[in-house]
Amino acid sequence: MAATPQRVEPALTDKGYVPVYATGVIEQPWSSYSATDHEVWATLFARQRQILPGRACQAFLTAQDAMGMTPAQIPKFAELNRALRAATGWELIGVEGLLPELTFFEHLAARRFPVTWWIRRPEQLDYLAEPDLFHDLFGHVPLLMNPVFADYMQAYGRGGVKAHGIGEHALVNLTRLYWYTVEFGLIRQPDGLRIYGSGIVSSKGESIHCLESDAPNRIGFDLERIMRTRYRIDTFQKTYFVIDSYEQLMDATAPDFAPIYARLAGQDSIPAGDVLPTDTVFHRGSGEGWLTDGDV
Ligand code: PHE
Ligand code: CO
């Protein structure tokens, strides 16, 4: 019998907000969502779908429609799972909040995507520090319908289990790859740069900023460069990395990372906003509005 779902949110301590980790898999308590919860979903869904055509990649928009995600009500995981299973064999599982790293990797390696069961409150429409149902479902789940991206996510999970066994420095490198692809990636379509990263498509402000602002760098995907690059968790990104295709992502990440981790262990990290002479620069950021500290 599944445990009673809890809403696990970051706790305020004397060190500021710290994430709280939960491991349990829970059944989505769908009938306990309030009218307000469904309204938050509807509002955010409509707002993003208004601005994403021409900004999000076509694969994302097509897949989101194909799996039957609509603003009408918070989707039922069981219904999305029918579409996902048929398309790529992925399955959504309900969770209470962030998972410990190894648990998260193990789920991905088994083609299970953890989705936070609770949705943000109406006063948090524009920003919240932790993933919620809107970010996870709206942002991450559609591309799991895409066969190549679906395989990349599983490969990432397997790579995570392996990196966990290698050590902390390997996990830091691998987490940067997730951040700059799955969460904040851009892709080059014939008609221009488009968003595929979940952290962007679930944010109104960043969906516009990442493509239209002069401030951030837009740089061609480069595996080791990304693995060395620090990032922002509390502001828009200073740099976005651009892939040409999901096949490029698969091919570039297929080699054994162990020797790469070993080599990178001796190298300095790169500040989030730096541009290197070796970069393929689509846009050099003006840096306007950047804070000088705060890269993680
Ligand atoms: N090739 C990686 C390794 O050997 C695994 C991986 C694949 C990691 C795809 C991330 C993305 O560790
Ligand atoms: Co996410």
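Colleague: Is R194 buried or exposed?
Modeller: R194 counts as buried, because its relative accessibility is 12%, and buried means under 20%. Please bear in mind that this is a predicted model.

Colleague: With which residue does R194 form a salt bridge?
Modeller: The partner of R194 is D191, and their closest N and O atoms are 3.2 Å apart.

Colleague: And D191, is that buried or exposed?
Modeller: D191 counts as exposed, at 51% relative accessibility.

Colleague: How many salt bridges are there by this rule?
Modeller: The count comes to 14 salt bridges. One of them joins D244 to R188, with the closest N and O atoms 3.0 Å apart.

Colleague: Why does the pair of D244 and R188 tie together parts that are apart in sequence?
Modeller: D244 lies in the loop between β9 (239–243) and α11 (246–253), whereas R188 is in strand β6 (residues 186–189), so the pair ties together parts 56 residues apart in sequence. D244 is partly exposed, with a relative accessible area of 39%. R188 also counts as partly exposed, at 39% relative accessibility.

Colleague: What about R263 and E224, how do their side chains meet?
Modeller: They meet in a salt bridge, at 2.4 Å from N to O. This pair links distant parts of the chain, since R263 is in helix α12 (residues 258–264) and E224 in helix α10 (residues 223–227), 39 residues apart. R263 counts as partly exposed at 42% relative accessibility, and E224 counts as partly exposed at 25%.

Colleague: Which residues do salt bridges with shared partners join into one network?
Modeller: R232, D234, K238 and D295 are joined in that way.

Colleague: Let us turn to the sheet. In what order do its five strands come?
Modeller: The order is β7-β6-β9-β8-β10, in an open sheet with mixed pairing. At the edges are β7 (192–195) and β10, each of which pairs on one side only. From one strand to the next, the twist averages 35°.

Colleague: How many bridges join β6 to β7?
Modeller: Four bridges join them, and the two strands run antiparallel. R188, the residue in the salt bridge with D244, stands opposite L193 in β7.

Colleague: And β8, with which strands does it pair?
Modeller: With β9 it pairs in the parallel sense over four bridges. With strand β10 (residues 281–283) it is joined by two bridges, and those strands run antiparallel. I219 takes part on both sides: its bridge partner in β9 is F241, and it stands opposite V281 in β10.

Colleague: Which residues of β8 are buried on its two faces?
Modeller: In strand β8 (residues 217–220), N217 and I219 are buried on one side, and R218 and G220 are buried on the other, which leaves both faces covered.

Colleague: Now the helices. Why is α5 described as largely enclosed?
Modeller: Helix α5 (residues 133–140) has eight of its eight residues buried, so it is largely enclosed by the rest of the structure. Those residues are L133, F134, H135, D136, L137, F138, G139 and H140.

Colleague: Where is S198, and what is it in contact with?
Modeller: S198 is in helix α8 (residues 198–201). Leaving aside neighbours within four places in sequence, its contacts are H135, G139, H140, V182 and E183. Among these, H135, G139 and H140 are buried residues of α5. S198 itself counts as buried, at 3% relative accessibility.

Colleague: One last topic: at what angle do α4 and α6 pack?
Modeller: Helix α4 (residues 101–109) and helix α6 (residues 147–166) pack at an angle of about 140°, and their axes are 7 Å apart. The crossing in which α4 passes α6 is left-handed.

Colleague: Which residues make the contact?
Modeller: From α4 they are L102, F105, E106, L108 and A109, and from α6 they are M153, Q154, Y156, G157, R158, G160, V161 and H164.

Colleague: And how many of them are nonpolar, polar and charged?
Modeller: The contact of α4 with α6 has seven nonpolar, four polar and two charged residues.

Conventions: Residues numbered from 1 in each chain as written. Chains lettered and ligands numbered in written order. Predicted model: local features only at pLDDT ≥ 70, side-chain atom pairs only at ≥ 80, totals over all residues. Heavy atoms only, no water. Axes fitted to C-alpha atoms, helices over the stretch in contact; angles between N-to-C directions. Left-handed = near helix turned anticlockwise from the far one by under 90°. Contact = heavy atoms within 4.5 Å. Nonpolar A, V, L, I, M, F, W, Y, C, P; charged D, E, K, R; others polar. Salt bridge = Lys/Arg side-chain N within 4 Å of Asp/Glu carboxyl O. Buried < 20%, exposed > 50% of the residue type's maximum accessible area, 1.4 Å probe, protein only. Pairing = 2+ DSSP bridges.
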